[in-house]
Amino acid sequence: WIGTVKSLVMIDLYKLNKPTVPPAAFIENVIVNGNNIDFVELHLNKEKNVNQDIRFSGLQPYIYTPDNLSLPYNMNHLTFNCGATDWFYNHKIEFQYKLEGYDQDWNEETTNSMADYKNLSPGHYNFKLRAKGAFGKWSDIVEYKIIIRNPYWLSWWAFIIYLLIII
């Protein structure tokens, strides 16, 4: 029942049409080694960015997560904060995620909106996220690419130096 100034209205919730639009999934931010990094500040202050050796090409609009994120080998603990918008039942959203290059399959559905990966080896990774609304419709898959670089002693030029020393 909803009361107005002129009348009283009854809404039968069982007769409402179920929404046909799936939730919209997104990655809110990426936490590196337990630190919430201000990527906007790093983007604006290039000196600070060089000191931390975090590389990225730009920022995604509105959310400000970095594009083409490249991290040094010792910044290998990543936490993805995820979100989704469902205009009818936002509290019933379930997430499923997968880190290509680490996970074999999708993780089980969960209401937890954080995905945590520790001690990642150097390499190329692709984080995939999807969300399911209360009526079972899956969102489009959101992808986020990350590179964790090799330490300098495992770089190609270091192996050339090792080879020259041996010869």
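# Reading sheets, a buried side chain and a surface patch

User: Which strands make up the open sheet with mixed pairing, and in what order?

Analyst: Strands of a sheet pair through backbone hydrogen bonds, either parallel or antiparallel. Here, four strands form an open sheet in the order β6-β11-β10-β8, and the pairing is mixed. Strands are DSSP runs (E, at least two residues) and helices are DSSP runs (H or I, at least four), numbered from the N terminus; two strands pair if DSSP finds at least two bridges between them. β6 (69–71) and β8 (94–100) are at the edges with a single partner strand each, so one side of each has no neighbour in the sheet. From one strand to the next, the twist averages 20°; axes are lines fitted to C-alpha atoms, and angles run from 0 to 180 degrees between N-to-C directions. This is a predicted model, in which local features need pLDDT of at least 70 and side-chain atom pairs pLDDT 80 or more, while totals for chains, interfaces and linings use all residues. Residues are numbered from 1 along each chain as its sequence is written, and side-chain values use heavy atoms, without hydrogens and water.

User: How many bridges join β10 to β11?

Analyst: Seven bridges join β10 (residues 123–132) to β11 (residues 142–148), and the two run antiparallel. In this pairing, Gly-123 is opposite Ile-148 of β11.

User: Is Gln-96 buried or exposed?

Analyst: Buried means under 20% relative accessible area, exposed over 50%, and partly exposed in between (1.4 Å probe, protein chains only). Gln-96, in strand β8, counts as buried because its relative accessibility is 9%. Its side chain makes a polar contact with the side chain of Arg-130 at 2.6 Å; such a contact is a pair of N or O atoms within 3.5 Å, one able to donate a hydrogen and the other to accept it. A polar atom of the Gln-96 side chain also lies 3.0 Å from the backbone oxygen of Asn-107.

User: What is the order of the three strands in the other open sheet?

Analyst: The order is β3-β7-β9, with antiparallel pairing. β3 (24–32) and β9 (114–117) are the edge strands, each pairing on one side only. Four bridges link β7 (residues 78–85) to β9, and Phe-80 stands opposite Ala-115 in β9.

User: Where is Ile-160?

Analyst: Ile-160 is in helix α3 (residues 156–166). At 42% relative accessibility, Ile-160 counts as partly exposed. Ile-160 belongs to a nonpolar surface patch, whose members include Tyr-73, Trp-153 and Leu-164.

Notes. Patches are made of residues with over 30% relative accessible area and no salt bridge: like charges are joined within 9 Å, nonpolar side chains (Val, Leu, Ile, Met, Phe, Trp, Tyr) within 5 Å. Accessible areas come from the Shrake-Rupley method with a 1.4 Å probe; for residues, only the protein chains shown count as cover. A salt bridge is a side-chain nitrogen of Lys or Arg within 4 Å of a carboxyl oxygen of Asp or Glu.
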